Amino acid sequence: MGIVGVCLIVLLGLTLARDDSGAPADFGADPARAVEQAASAPPAGDGPSPAPAAADQTRPPAVPAPSSVRIPRLRLRAPIDPVGVAPDGQVVVPEDPDRVGWYRFSPSPGAGAGSSVIVGHVDATGRGLGVLAALSEVREGDQVAVDRQDGSTVAYRITSRRTVAKNALGESGAFRREGLPTLTLITCAAPYLRDNGGYQNNLVVTAVAVPR
Amino acid sequence: MTSRSAGAAMALGTAALLTLASGAPALAAPQADEATVSVLHAVPGLTVDVYAGDKELLPDFAPGTLTDPLKLPAGSYDIKVFKDGEGPKGTPAIEKTVQVPAGANATLVAHLTADGKPALDAFVNDTSMVPAGKARLTVRHVAAAPAVDVRAGGTPVFKGLENPREAKAEVAPGSISADVVLAGTDTVAIGPATLDLAEGSNTIVYAWGSAADKNLALKTQTITGMHSAPSGVPAGETGQAAGVNRTAQIGALSAGALLALGGAALLLRRRTDAG
């Protein structure tokens, strides 16, 4: 009895230590790579090479802007604000950690191609944990819904969660505008180094659109 | 003629060019030896036929028409512009040898000089990456008009632009109301016109026509796909989500250790009692 107790207590200590230092367990393939490969498959024959697109063309019809995001299994729900780029070149993240931002230069959720990017604080000064802190508990297959300004909803299914070094986020494919339509949820991830800019990683959760 | 059919016509012309360059490895040319070329007709009132050498490239090319971009083998092109139906034996209205460098994205512009004479110029389009959250705006003065200022929402963005020069800048994306005034004045020569500047793209605006003939106008060309990723997503502040701060972690570990020690002590005592 006593030995079991000691073991449990020691295990508890170890578990605490691990939770504090480690990243959440990631899963799923790197969607960007898979998508890039599919997108860059060479055309049959010696057709024209991909190049900046043409001028003078009619734009595709506007896609309604997103208004809120939900992950029902985690009881996660957050209103969405459109956000842009700060003078330092980083995405503006809503100050209120109960709200999330849609990077307005990424495709609107429901657009035909590319990664629709949603960002949110994992924690904020004086405001505790953010709504996206729950992303550490997502599982493959979890349903995600994005409600839009016109009252419609776009459905997604989570396929991967990756921990990406902050300086590797730009190249991770999270901001691609072509290829498979996906929803990419981005927050911060451990470790947190107070003297080295805080969080060292981003948590990148990818969900693919579910056909209706 | 629509832009599309002009593009198709040019494609035919290109095919002819390729055939002409027999023996040259043009057909198997790798991408690096190609250039992307669009053609803009900015000479008012003159429908023309455009020739490369003695091959017709663009028949019945109407003023204000911009072709779709085309892949052409890099090299030197002897471009002749004839009044509709007068080529290729007659005297061209414009003739110029144009260098098309490998890998370049260029727009060939038939236009008027500042004093109203037909001219041909190749402008290289800037297709370098645009910083995240910005739009590139390029303005080209190809009109028979003196130096101009280009304004957005009434504020000069480019000043003293002369034919056949261009000016460019990276600006906030979105809709702007642009007009063109005589340099240093508030005398509006063109516009205002609404320009939709898309993030990560290069919107190229041509001021063309003739001030004397009162047909100055704007023509817009858009090149997309130069967007870049933002430099980061700063989405955490306190470290709370990483299992609070270091002190608390050590505290938790210490508590665990203390409990373990306590447990061990208890165990030891029980053993002693039993023995």
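To start, I needed a rule for touching: two residues are in contact if their C-beta atoms, placed from the backbone, lie within 7 Å. With that in hand, I found that residues 24 or more positions apart account for 64% of the contacts in chain B with a separation of 6 or more.

I reminded myself that the model is predicted, that local features need pLDDT of at least 70 and side-chain atom pairs pLDDT 80 or more, while totals for chains, interfaces and linings use all residues. Residues count from 1 along each chain as its sequence is written, and chains are lettered from A and ligands numbered from 1 in the order in which they are written.

Next came the domains, whose bounds come from an automatic or database assignment. I noted domain 1 (1–124) and domain 2 (127–232) in chain B. Their contact takes 18 residues from domain 1 of chain B and 21 from domain 2 of chain B. On the domain 1 side, strand 7 of chain B gives the largest share, five residues. Strands here are DSSP runs of E, at least two residues long, numbered from the N terminus.

Then I picked one residue, B:Ala143, which sits in strand 9 (residues 135–144) of chain B. Is B:Ala143 buried or exposed? It counts as buried because 29 C-beta neighbours lie inside 10 Å; the cut-off for buried is 20 or more other C-beta atoms within 10 Å, and for exposed 12 or fewer, with C-beta atoms placed from the backbone. Leaving out residues up to four places away in sequence, I listed what B:Ala143 touches, including B:Leu112, B:Trp208 and B:Leu216.

Conventions: Helix = DSSP H or I, 4+ residues; strand = E, 2+ residues; numbered from the N terminus.
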